[in-house]
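Biologist: I'd like to learn how to read helix packing and cavities from a set of coordinates. Can you walk me through an example?

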Amino acid sequence: MSIDPVEDSLKFLLAIKDADTLLSQTQPIVKAFQHLGALLTKNASDITAWSKATQLAQVVADGARTESTRTPLGEAGVLEKVTDILRLAKEGQTDYQIQALRVYGNMCFDHNDNRQKVHDAGVIPLAIPFLEQGHRPDLVRTCCGFCLNSSMDFEPIQADIATYGGVKLLTELLDPARMDHGEEATVCMAAKVLDNLLGEDSVRKAFSSRESVSRLLEMINYEWNVDQLENLDLLENLADALLQVVLDDDDMQNAVVDSGFFTMLLDFLEKATLPLEAADDEDEKKRFTETQATISKIAVYATSTDEMLERLYADEKTLNRFFRMMNSESSIVSQTAVYALGNLARTDAHCVEMVEKNHLEKSLLKLLTSTENATFQYVILGCLKHLCLPKQNKAVIGNAGAIESVAPLLDTSKDMLKRNQFFAIGILKLLCANNYENSQRIITSPTTTEEKQTPLELVLAFIKRVDDSSAKSEATRILTNLVKSVWTQPITTSLALRTILVKPAIVEPIAELVRSSKFVVLKNDGIIALTVIFADTDSESSKILLKDALSFVIAPVPSLEDMLINQDNDDDDEKKPEEIETRTFLEVVVDTVCKENADIPSEVRCNACVFLEKVALAAQTVNDTKVSNVLYEKVLPQLKALTQGPETVVSFSKKAASAIAKSTIA
């Protein structure tokens, strides 16, 4: 068969140079492809037909660079006809393959409908083999461009590329040798495609291997040390791709260190600079800074795994480098070092040594007080909190001024920095736990706030105004720790501090923690702290303190507004009325003892019994008949009725009942 019957039409179509003419000829183009396809189906060696098909595909590909042509060409069925011919192409038809890929790539640019048509036509399994080594470089390059345009934010094609082996082939293109042989554009596009694809889980799974991590790192090293950062696009894509791979994968994070390029990443952060010609370009400087931040994250993730915890800590050269990097004038370098040290400070032994040998707490506090960068403060506080965990470190860190440095973050002017405030609360809570000197600092030491408030005053103001229930609860645990620490000392030593801690401003938040919290551990913490207050009834000084503290025991339910603020709430959804705790403090304590609840351990129920016992003895000691009568009328009958259940709970409830009965008789 000859192509003569359509020769005139083809001559006209192949001469099209503008988008408007192309749009007027969509149906003739489809018919021409269909006719050429029929010819090639009968004779796949028809050189003339292949030449015409290639030229026609080039006309369509060139025209599809104009946005207005993409929808009409797609709706006319051009993609499907181009694909029918592509299926017939064998070795030797590279020119047609290139132009077909250009048709797909240009028609898919920012066009999901055409991407869907490409997907439905089964183009991906036809195209992916073109990425294999041995093909003409221009075919490989064009295929990379097609993969990029067709898969951009389009999951079906992203999944297809992974399914049909495209991820492996694209990864193999990341080779410094190609950069030296005129294939830089191919490597850059392959990196960009992978960066785009790795947001898809199936792609990331197919890509994630130690070999892939090494290839990315080798390319980053090449782009910096050989190419001298001449191609920031490539560096950006390589770094972004690597970050996506290591983000949630411990093995890939370990692979960064195992690759031998970890030191190179640190060198990059400390030494890499833009080429002179780009040094004054604001856009280039911004992109470079963003890439530095990405490299920093990769380095930090590489230090975060359990496997690297001991290995990197034992590497004295790397560890000392982190300590040195902390003092860098570059905030990214300094921040990277603090993050890394925080990752390594995840055992008590490491934390103790970092404080005793390296005085890391002093360096962190110096950085904290010298920066207003909220993100950097967050990193510093996270590392400092780790150091506060071991008992041996508490006094040293307190002596270093941590309490006075951290507490101002609870000032109302810092309320937009909730993450930092939460860390500050955690640090204060840890430092005053079982430590009298640090507790004394929190209660009495002035801070650098405008009004020179004490840390305790800042904590109380925070509790009062904050509407985040978890932050409020954690801040209240500072109060419970203060009580438990101060009451460990003889009253002759701690009277002044006790006098402050029995005031309503302290006791009421603790009682509210017990009353409203849905978390047993928080209820128990509050119960223990309050029990400690009422346990000391011997001295005259104690009796004076108890008079002030007893009133909250029989306090009514807070206002509805206050209750809404104080409810535990893990999300921002409005609480339903039935979820709001409407019982009084005393009712909650009694129910903790008397109502069988699988979520409340016997130990907590026993602690609540001890609390009731101590309250009864305290009321008797200071002759508070009002509290004694409420206990007798409201609590005693319920305790007497508790005859079934865990033996220890029944036993402790009897002791509490006996104390209440005696206090009323007396």
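Modeller: Let's begin with a crossing: α30 passes α33 in a left-handed crossing. Left-handed means that the near helix is turned anticlockwise from the far one by less than a right angle; clockwise would be right-handed. The helices (H or I, at least four residues) are DSSP runs, numbered from the N terminus. Before we go on, this is a predicted model: local features need pLDDT of at least 70, side-chain atom pairs count only at pLDDT 80 or more, and totals for chains, interfaces and linings use all residues. Residues are numbered from 1 along each chain as its sequence is written, and side-chain values use heavy atoms, with hydrogens and water left out.

Biologist: At what angle do α30 and α33 pack?

Modeller: Two packed helices are described by the angle between their axes and the distance between the axes. Axes are lines fitted to C-alpha atoms over the stretch in contact, and angles run from 0 to 180 degrees between N-to-C directions. Here α30 (residues 436–444) meets α33 at about 50°, with the axes 11 Å apart. The pair is therefore oblique. Angles under 35 degrees count as roughly parallel, over 145 as roughly antiparallel, 65 to 115 as roughly perpendicular and the rest as oblique.

Biologist: Which residues make the contact?

Modeller: Contact means heavy atoms within 4.5 Å. From α30 come Tyr-436, Gln-440, Ile-443 and Thr-444, and from α33 Thr-493, Ser-494, Leu-497, Ile-500 and Leu-501. That makes 5 nonpolar, 4 polar and no charged residues. For the classes, Ala, Val, Leu, Ile, Met, Phe, Trp, Tyr, Cys and Pro are nonpolar, Asp, Glu, Lys and Arg are charged, and the others, Gly among them, are polar.

Biologist: And how do α29 and α32 pack?

Modeller: Helix α29 (residues 418–432) and helix α32 (residues 469–486) have axes 8 Å apart, at an angle of about 15°, so they are roughly parallel. α29 passes α32 in a left-handed crossing. Their contact has 8 nonpolar, 3 polar and 3 charged residues.

Biologist: What is the angle between α31 and α32?

Modeller: About 145°, with the axes of α31 (residues 455–465) and α32 9 Å apart. This contact has 10 nonpolar, 1 polar and 2 charged residues.

Biologist: Which helix gives the most to the lining?

Modeller: α36, with 3 residues. The lining includes Trp-487, Arg-498 and Asp-536, and divides into 5 nonpolar, 1 polar and 2 charged.

Technical notes:
1 Å grid on protein atoms, 1.4 Å probe; cavity = no way out; pocket = protein on both sides within 12 Å on 5 of 7 lines; lining within 4 Å. Helix = DSSP H or I, 4+ residues; strand = E, 2+ residues; numbered from the N terminus.
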